[in-house]
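Keep the viewer open and follow along as the topics come up.

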Amino acid sequence: MAKLKEKYDVVIVGTGVAGLNCALNLPSDKSVLIICKKSPRESDSYLAQGGICRLRGEYDYEEYYNDTMRAGHYENNPAAVERMLRGSREIIDDLIACGVDFARQADGSLAYTREGGHTSARICYHEDCTGSEITSVLMRNVKGRKNVRIAPQVIMLDIIEDGENCSGLVVYDVKARKVKLVRADYTVLASGGIGGAFTNTTNFRAVSGDAVAICLKRGVRVDNINYIQVHPTALYSKRRGRRFLISESVRGEGAHLLDKNFNRFTDELQPRDVVKEAVLAQMKKDGSDFVWLDMRPVPREELESHFPQIVKRCAEEGYDCFTQPVPVAPAIHYFMGGVYSDLNGRTTLNRLYAVGETCCNGVHGKNRLASNSLLESLVFAKSAAKDIAKVYCPLTMAQLSAVKVDISEYSDYKKILEDYKKDLHGALALAEEGKDVNINYGRKGQ
């Protein structure tokens, strides 16, 4: 593989749907580098099961808007919600044009499913692996772009900035075993959430909030760092490692939550945080580490066609979901906070953008509505790319050489990553105490 160049027009951190869609919407005459910590497939976008929301029509706008706001406890940024909803039809059209194979009705129209918090069915899907389908198709399209290079096993260690502009990244090239400087006119953080920094999570371990910790360190504004969504139904297992998510769509199609005596104890289609609290309360009452999810009310043919991966994984754990309930428990799943960004992905540092789960533009409020995550990532990543194209202005040689970086400070990259994880937990603790982490945390302040 060719060596990394010292300078690109745009560098993107992350190979999930946000990073890939940003690259696809940048001008073809711009040199683009996309880096990822491990394999490109170790992105949480690949794990998204349920689907992606689509505004069915103007008649659906008010209900969809209200569903999103209600799930977010009305802490959502209304302008961000409107941008997402209005952009949803175009995004689905983009995905179909790229080759995404969404489920269809007999007449060829899009099929829709429903999940918790939604008043009606408006979720497009591909079996129970929608994220994998979308991300794989986007990856195939990105690989066809001559101006884009994807570099796996290249780890972001820091951003390069002079207090006014971001001019690239400090990275560790695992294969070359070297710390390198990658300069860029524009830098986009699309590295996912923070779940990997916790033990009980549905996220890949590599998705551990490095971008958030780096931005705190560098005085780039971070919002709502303690807004972490816990998914109510991860498959319970005594095995170590990432928790397997059982999609909310299963409950949307009729599955029930049962207590230790196999009695229903809650409305399964409430917003996730409400269902999570009901599950935790029932576990405490039962003195159990899990509750039961009963998929038997869902027709067998629906389970086989819509949820084949879930059926398979349950079987691997020793459960036949056609004939018995399976044990589930809450697990850390999604990050609603993150690096502050506006509706075009701009952060508080010039030339630094943040999109996807890494950012916080307020679209989700305090709690994300099911199947808004892929949509949000795609809509605002496209907006960021269009904004970069609109304002594009190369850094001058003086600006590029203004920041002197001592790469010897980054020689122990593993310790740096562990320190970021500690920093993240420290900032979370401050937020839980009601303190503004941008003021009370970080070596540069805000």
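A residue counts as buried when its relative accessible area is under 20%. By that cut-off, helix H5 is mostly covered, with 8 of its 9 residues buried. Please keep in mind that this is a predicted model.

**Helix H5**

- H5 spans residues 210–218 and lies across strands S9 and S14, running at about 45° to S14.
- Which residues of H5 are buried? They are Asp210, Ala211, Val212, Ala213, Ile214, Cys215, Leu216 and Lys217.

**The open sheet S9-S14-S16**

- S9 and S14 belong to an open sheet of 3 strands, in the order S9-S14-S16 and with mixed pairing. At its edges are S9 (222–223) and S16, each of which pairs on one side only.
- S14 (residues 338–340) and S9 run antiparallel and are joined by 2 bridges. Asp223 has Gly338 as its bridge partner in S14.
- In general, strands of a sheet pair through backbone hydrogen bonds, either parallel or antiparallel.

**Strand S13 and its partners**

- Strand S13 (326–335) is mostly covered: 10 of its 10 residues are buried.
- How many bridges join S10 to S13? There are 6, and S10 (residues 228–235) runs antiparallel to S13.
- S12 (residues 291–294) is also antiparallel to S13, and 3 bridges join the two.

**The cavity**

- Searching the whole structure turns up 1 cavity of 30 Å³ or more. The volume of the largest cavity is about 70 Å³.
- The lining of the largest cavity is made by 13 residues. Which of them lie nearest its centre? These are Met336, Cys359, Cys360, His364 and Glu376.

**Asn367, a buried loop residue**

- Asn367 sits in the loop between S16 (359–360) and helix H10 (373–391).
- Is Asn367 buried or exposed? Asn367 counts as buried because its relative accessibility is 2%, and the cut-off for buried is under 20%.
- The side chain of Asn367 has a polar contact of 2.8 Å with the side chain of Gln229. A polar atom of the Asn367 side chain also lies 3.1 Å from the backbone oxygen of Ala71.
- Beyond its neighbours within four places in sequence, Asn367 is in contact with Ala71, Gly72, His73, Gln229, Pro271, Arg272, Asp273 and Met336. Of these, Met336 was met above among the residues nearest the centre of the largest cavity.

- Glu127 belongs to the loop between strand S4 (123–124) and helix H4 (130–143). With 32% relative accessibility, Glu127 counts as partly exposed.
- Glu127 and Phe307 are 180 residues apart in sequence, yet their C-alpha atoms are 5.8 Å apart in space.
- Leaving aside neighbours within four places in sequence, the contacts of Glu127 are Gln49, Ser305, His306 and Pro308.

**Two loop residues with positive phi**

- As background, most residues other than glycine have a negative phi.
- Gln153 has a positive phi, near 55°, in a residue other than glycine. Gln153 is placed in the loop between strand S5 (148–151) and strand S6 (154–161), and at 30% relative accessibility it counts as partly exposed.
- Asn224 has a positive phi too, near 50°. Where is Asn224 found? Its place is in the loop between S9 and S10.
- Asn224 is partly exposed, with a relative accessible area of 34%.

Conventions. Residues are numbered from 1 along each chain as its sequence is written. This is a predicted model: local features need pLDDT of at least 70, side-chain atom pairs count only at pLDDT 80 or more; totals for chains, interfaces and linings use all residues. Side-chain values use heavy atoms; hydrogens and water are left out. Helices (H or I, at least four residues) and strands (E, at least two) are DSSP runs, numbered from the N terminus. Buried means under 20% relative accessible area, exposed over 50%, partly exposed in between (1.4 Å probe, protein chains only). A polar contact is a pair of N or O atoms within 3.5 Å; within protein, one must be able to donate a hydrogen and the other to accept it, and residues adjacent in sequence count only if both atoms are side-chain atoms. Contact means heavy atoms within 4.5 Å. Two strands pair if DSSP finds at least two bridges between them. Axes are lines fitted to C-alpha atoms, for helices over the stretch in contact, and angles run from 0 to 180 degrees between N-to-C directions. On a 1 Å grid over the protein atoms alone, a cavity is a set of points where a 1.4 Å probe fits but cannot get out, and a pocket is an open set with protein on both sides within 12 Å along at least five of seven lines; lining residues have an atom within 4 Å of a point. Grid points are joined across faces, edges and corners, and a volume is the space filled by probe spheres set on the points.
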